[in-house]
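Here's a quick briefing to read alongside the sequence and the 3D view. Take a look at the structure first, then work through the points below.

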Amino acid sequence: MGSNSLYGPIDPATDAGYVDAPPRMGFFTDTSVCIGCKACEVACKEWNAVPDDGFNLLGQSYDNTGGLSANSWRHVAFIEQPVTSDVLGSVSSSKSPQFLGMPTSEPPGKASPGPTSDFRWLMMSNVCKHCTHAGCLDVCPTGALFRTEFGTVVVQQDICNGCGYCVSGCPYGVIDRREDDGRAWKCTLCYDRIGDGLTPACAKACPTESIQYGELSELRERASRRVADLHSQGVPAARLYGHEEDNGVGGDGAFFLLLDEPEVYGLPPDPTVATRDLPKMWKRAGLAALAMAASAVVAFAGRRG
Amino acid sequence: MKDRSMVPKAEFESYYGRPIVRPPVWTHDIASYLFTGGLAAGSALLAAGGQATGDVTLRRVGRMTTLGALGASTYFLIIDLGRPERFHHMLRVAKPTSPMSVGTWVLATFGGVAAVAGAAEFAPLLPSRLLKRVLPPVGDVAGFGAAALAPALATYTAVLFADTAVPSWNAVYPELPFMFAGSALASGAGVGLIAAPGKPARRMAVLGAGIELVAGHRVEHGHGLLSEPYQQGRPGTLLKAARLLTAAGAVGAVLGRRSRVVSALSGLSLLAGSALTRFGVFEAGVASAKDPKYTVVPQRERLERRSASSP
Ligand code: SF4
Ligand code: SF4
């Protein structure tokens with residue numbers, strides 16, 4: 001373990017002991033082009049044989065999945081937002097006729113000029129972040145969770161005993177225990193596909209290239225160009241989330257371009273891997289243990305049988 | 001100094017009010033384990049004290065309680081697994097970054113020595129003359145071994161809770177091990193007060209209750225918004241009751257030292273207080289994970305502090 005093993009920028013595969021690891025692979029999810037079609041949710045379920053999570057009507061806009069879970073490894077969030085025109089900026093004005101306001105009976109773009117309103121939809125396909133310092137992996141007591149040569153984080157289902165520690169270890173609320181099965185499940189970044197040079201199912205199915213798969217370093221460059229483009233096109237709200245190597249989890253292997261604050265999408269604004277403070281925690285526990293031992297000695301002191 | 005909860009009403013955004021970090025999938029079995037694990041540790045110390053001072057009753061009761069609590073702990077830990085039949089997968093690795101892995105090894109080692117110490121108590125009943133002679137001294141060594149591991153057993157659970165994304169568990173990592181250590185001592189002392197009241201059990205009761213109450217006060221008041229779940233709702237009620245029972249047990253242990261009945265009641269009060277402390281802490285963490293406020297607001301404040309300090 002290097003000195004950065006619990007925190008800070010590292011290459012996770014090398015840190016895990018791989019020699020000559022392939023480049024780190026990941027996702028860049030650009031929510032500015034997401035149309036909320038949920039092809040990713042479906043493709044993921046199909047490829048990975050993920051069971052359904054019931055037929056629910058949640059009353060949360062077009063989102064009836066609710067969130068990531070043991071049975072949903074991609075989740076498309078829908079946010080309906082009243083916005084002032086300065087946030088929408090030029091997007092809602094004549095410059096961008098394809099802006100989708102509230103749906104009308106006409107196909108978008110047909111009813112020109114489409115009725116625009118002071119209202120917008122945000123859509124985002126969420127997924128496991130494949131953290132550089134993954135809380136889930138750090139705390140797993142069986143070794144079921146492991147780091148792949150691509151720098152991703154995967155559960156070995158034949159090892160997991162369903163202790164549930166990873167569920168509380170993840171700062172993003174991603175990994176989950178499957179009710180009738182008892183084991184922990186989450187996105188594998190299609191470990192069985194990428195090893196054969198294939199694209200993960202969700203990215204393959206995404207019709208707008210909102211989900212992009214590739215070498216993480218390349219994706220990071222592409223993402224920063226995309227933000228700059230959006231800023232120059234008058235979308236000042238565009239920002240990247242999870243791309244920095246010095247964030248609380250040492251950089252996300254799956255990062256995002258968002259159009260609002262992360263918490264609006266159900267993402268933590270400043271997540272930190274709890275293990276960062278583990279040495280300090282053990283130190284406090286050590287002191288408490290000493291206090292406990294000392295108390296026992298004091299309690300029996302001066303008494304000889 | 002007076003603690004006033006001056007937590008301003010938090011304004012924050014969320015996705016339909018849904019949790020951000022996932023509430024623990026653990027059930028009350030884990031809260032029960034916190035109590036039985038602590039009890040095993042506390043009574044192992046009591047037994048070792050009895051052993052060192054030649055107090056046979058204290059030694060015997062301590063060792064038997066340790067054995068019982070150990071059995072209960074193992075049961076609670078295993079049935080809370082999603083795949084109980086795979087509990088032994090815990091033993092395929094030793095992983096320093098996982099407090100649960102560390103704890104498994106501590107518990108397994110403690111269990112081994114405590115079982116030997118407990119078995120030694122049955123030596124007089126055995127038919128073999130050799131065992132009758134060999135077992136007691138071996139049991140004494142094992143008894144001290146269990147006592148040496150007991151503080152680790154009582155405190156690692158605090159690290160286990162703190163090393164999570166559960167906001168109100170993570171925030172209180174400096175004090176939680178002290179709260180658990182005190183609670184474990186108090187429960188061990190409780191057993192002593194019931195079975196063989198005497199000066200050591202009373203001192204242990206006062207020290208344990210004192211540590212638990214002081215550390216608990218910091219947990220419940222020292223962490224701003226993240227202390228809130230320890231004060232409100234069901235966890236708040238549980239912890240308030242725990243405080244009262246623990247304090248009453250310690251006071252009763254001292255004032256009632258001439259009465260066997262008052263001592264035993266004090267012991268019961270300490271045991272109940274220790275159990276409620278564990279349930280209260282458990283539930284407070286779950287509550288903090290369910291409400292996105294406890295994830296978003298402290299993280300926002302941290303971001304603001306950071307951007308204020310770097311121009
Ligand atoms: S997002 Fe959560 S589940 Fe995914 S790697 Fe990070 S800690 Fe693990
Ligand atoms: S539930 Fe499974 S994957 Fe998660 S920490 Fe426990 S053993 Fe590891």
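Let's begin with the ligand: the shell around ligand 1 is made up of ten nonpolar, two polar and two charged residues.

**Around the ligand**
- In total, 14 residues surround ligand 1.
- The closest ones are Cys128(A), Lys129(A), Cys131(A), Cys136(A) and Cys170(A).

**Strand 1, tucked inside**
- Strand 1 of chain A covers residues 25-30, and six of its six residues are buried, so the rest of the structure largely encloses it.
- In a regular strand, side chains alternate between the two faces of the sheet.
- Here, one side has Met25(A), Phe27(A) and Thr29(A), while the other has Gly26(A), Phe28(A) and Asp30(A); all of them are buried, which leaves both faces covered.

**Who strand 1 pairs with**
- Strand 8 of chain A (residues 211-215) runs antiparallel to strand 1 of chain A, and five bridges join the two.
- Within that strand 8, Gly214(A) is the bridge partner of Gly26(A).
- Strand 10 of chain A (residues 254-258) runs parallel to strand 1 of chain A, with four bridges joining them.
- Within that strand 10, Asp30(A) has Leu257(A) as its bridge partner.

**How confident is the prediction?**
- The average pLDDT of chain A is 89, and 87% of its residues score at least 70.

Methods. Residues numbered from 1 in each chain as written. Chains lettered and ligands numbered in written order. Predicted model: local features only at pLDDT ≥ 70, side-chain atom pairs only at ≥ 80, totals over all residues. Heavy atoms only, no water. pLDDT = per-residue confidence, 0-100. Near = heavy atom within 4 Å. Nonpolar A, V, L, I, M, F, W, Y, C, P; charged D, E, K, R; others polar. Buried < 20%, exposed > 50% of the residue type's maximum accessible area, 1.4 Å probe, protein only. Pairing = 2+ DSSP bridges.
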